[in-house]
Amino acid sequence: MRLLEIRNLHVCLPEGSERAHAVEAVDLDLAPNEILCIVGESGSGKSLTARAVMGLLPKPHVRVVDGTIEMDGEDLVSASDARMRDIRGSAISMIFQEPMTALNPVMSIGDQIDEVFRFHVSMGRRERRERALALLEDVHLPDPEYIMRAYPHELSGGQRQRAMIAMALALDPKILIADEPTTALDVTTQAQILKLIKEMQAAHNTGVLFITHDFGVVADIADRVAVMQFGKLVETGTADEVLNNPRHPYTQALIAAVPSLTPRPPRGQSAQPVLQIDSLIKTFRSGGGILGFGGGERIVKAVDDVTLELRRGETLGIVGESGSGKSTVARCIVRLVDADSGRILLNGTDLNGLGRAEMRPFRSSIQMMFQDPFASLNPRTRVGKIIMQGPLLQGVPATEAQAKARELLSIVGLDDRAYDRFPHEFSGGQRQRIGIARALALDPDVLVADEPVSALDVSIQAQILKLLDEIRERMSLSMIFITHDLRVAAQVCDRLAVMRNGEIVETGATAEVFKDPQASYTKELLAAVPGQNWRSA
Amino acid sequence: MSQTAKRLRYVLKRLLQALPIILAIIIVNFFLLHMAEGDAVDVLAGEAGSATPEYMAELRKKFGLDQPLPVQLLVYLKNVITLDLGYSFRHDMPVLDLVLDRFVPTLLLMVSTIILAVGVGIILGLLAATGLNSWRDTLISVFALVTYATPLFWVGLMFIVVFALNLGWFPTSGMENIAMFYEGWDRYWDIAHHLVLPTITLSLFYLALYTRLMRASMLEQAGMDYVTTARAKGLTERRIMFVHVLRNALLPVVTMAGVQVGALIGGSVIVESVFAWPGLGMLAFESLFARDVNLLLGIFLLSAMLVVAVNLIVDIIYSWLDPRIEVE
């Protein structure tokens, strides 16, 4: 029996877009008690397929132009607005990627769940409240009474997503659509949420349409998999078929691009340290205020007594979840943030405490690469100038800097024409290449990369990692690589430092940390990586 | 601690914090006013026509104007603490009585203007945003643009010409019809009748501003993720607009309104003179030309306290609208 049948679905894009259809000739089936994963990179049309099922396409420019979506024999494409409102939230419900923005910030969780009941069934106030409390209990939220009264900002990311799930399951829907529900969460939270979705789906016999870009998650959760590229379905099959024996070249390429969890063999390295970080401490204070009227001061120890050593030519990974202080360490090293105490020794010189002018000669030795390729390049400056600015400030003659910028563009694999263009004309991966070129323009000894690939699609991610590898060899760079993704860390880093709550809980050679983790937190992190049993080779 | 006790503590704390601010305002104003050439004695002597230098020196001594400035300031501060704002020689009355007398009309005009501007602005913005690009939206946007661009004094004069002189619906000026000796409800009704034209005139500009702000804010919020969630829950468009979007969209409007209350006192000078409304703005204007420093300082002090109070009220409304803002 089929719960959902999508036949020949076409969703059009506004006129003048890159392609005419966001979704083209897609056929999908979903059975009860089944998890169907739709996998694809950004722009593949996977999210719009889900929105089409919900009747939530951004009309009038993006709409279904052809095909049918049938739920239990009822066509949803031609259903009236009123009928679709009935269906949404009761027969089909949805959870989203970012639970912070997906919940109304000025409405309590209890009220937001209550709305679902109020608009779909007639129930007394007390009964609705009891049902909501039971739901919160079902998704294993602690203290449901408190959660009912709480506002979204008072919960953690994982708790918010649990509340979202409770809301989606309020009326026992036949179909649950999950649009990248764990992408914004930390890896340990992700593992818990995936477990919860599986548990709920089994208990309620729900058909789940799970949209994701992460093959690890697919391996953990999917019964069947559909792979999309440029709006078309390229391959469907059982999870086992698609993951272990992909037939379509695109699927094969995607799976090949997923970094393996097996650390690569360590490289020979020198013992000579380039950068030593000694008892670094950074505390953030907020609140307080003049004359002591400001009320309670909040103190956060972002970096708590961190000692690290970066050897010449190696890549040191700092891994940890959000809030662990890994980015603050990076910012202290490049002196974007002033540490409270501790020493940052670059080839023996302590950088911490140097003034602006004293710091300038050392700036070129340490360069940084940022996570978000869209926000980290000035949109009003041409690419060539972005790359040249550093050397020009350091006193390099303009013609020399220009020649160097052009050379760097070719090194990072960009066309020479890129020199006169603006950042918005490039894709995310290309912008990250520009970011690399900018960092390299000053011939740094040390490159600090803060989550350089986490905003990128998996195939682009593989290319950027490969490029970083080549450059590291060619320029004998030492690199500090900050990431939350243990798969990436396994493929890039020679040594690892695991951070939690501002402290380093474990350091060691990557292979050793993966094989025999010492700290319990490291074990927890490793256990939470999705898709471990798949492709362990 | 309960929410009410928390709020109360917050209010007390904010009032305490306001003290140094008000003190600073007094000191700055004091020196600013004394930087201007001439004093009350010059004006008095000029009007009398035949004052000798000896007589002027005597007057200065009598008013305490011969003392060095810091001494004058200290004397003034000491008096303010005992609620003695000095004496206006121009009006021959204690400043406190004079200012309090004019304070009520100003407050009346201000409060009615704010309520009208914010209330109608929010409704118009809401109507425009819900009927985006329809004739309703166009009409409201054009209205907002026109009122935004029209000078206040001209609107006031036209209102008098049309509604007071030609149609005779409203009185031309003043706050009440003193000659009628109204009492009780009749008097309130009379004042309300007088209040209509000045309030509309003063609020038009702000109304246009809040309409545009509200429209933009509604449209911005309508594109947020939580709106998609609300749709995915199967709520009606009505519920989404009026419950989910509206409350979030109100936040910037409230912020803006709080900031502009101060400007409203300044803007009211024009309206008060056009409609002969006996408010603080008019008084300030007159006393500026008479070099009546004591009276001016009194008006500034009261205005400063008013702005501090309004900011506090806005912050409390804000914390009530937005749970992310905590009062502590």
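The dialogue below takes up chain A and then the domains of chain B.

Guide: This is a predicted model, in which local features need pLDDT of at least 70, side-chain atom pairs count only at pLDDT 80 or more, and totals for chains, interfaces and linings use all residues. Residues are numbered from 1 along each chain as its sequence is written, while chains are lettered from A and ligands numbered from 1 in the order in which they are written.

Visitor: What radius of gyration does chain A have, and what would a compact globule have?

Guide: The radius of gyration is taken over C-alpha atoms, and the globule rule is 2.2 Å times the number of residues to the power 0.38. For 537 residues the rule gives a value near 24 Å, and the 25 Å of chain A agrees with that. The C-alpha trace of chain A spans about 70 × 55 × 45 Å along its principal axes.

Visitor: Which domains make up chain B?

Guide: Bounds come from an automatic or database domain assignment. Chain B has domain 1 (3-95) and domain 2 (100-321). Their contact (C-beta atoms, placed from the backbone, within 7 Å) takes 22 residues from domain 1 of chain B and 17 residues from domain 2 of chain B. On the domain 1 side, the residues divide into 13 nonpolar, four polar and five charged. Here Ala, Val, Leu, Ile, Met, Phe, Trp, Tyr, Cys and Pro are nonpolar, Asp, Glu, Lys and Arg charged, and the others, Gly among them, polar.

Note on methods. Two residues are in contact if their C-beta atoms, placed from the backbone, lie within 7 Å.
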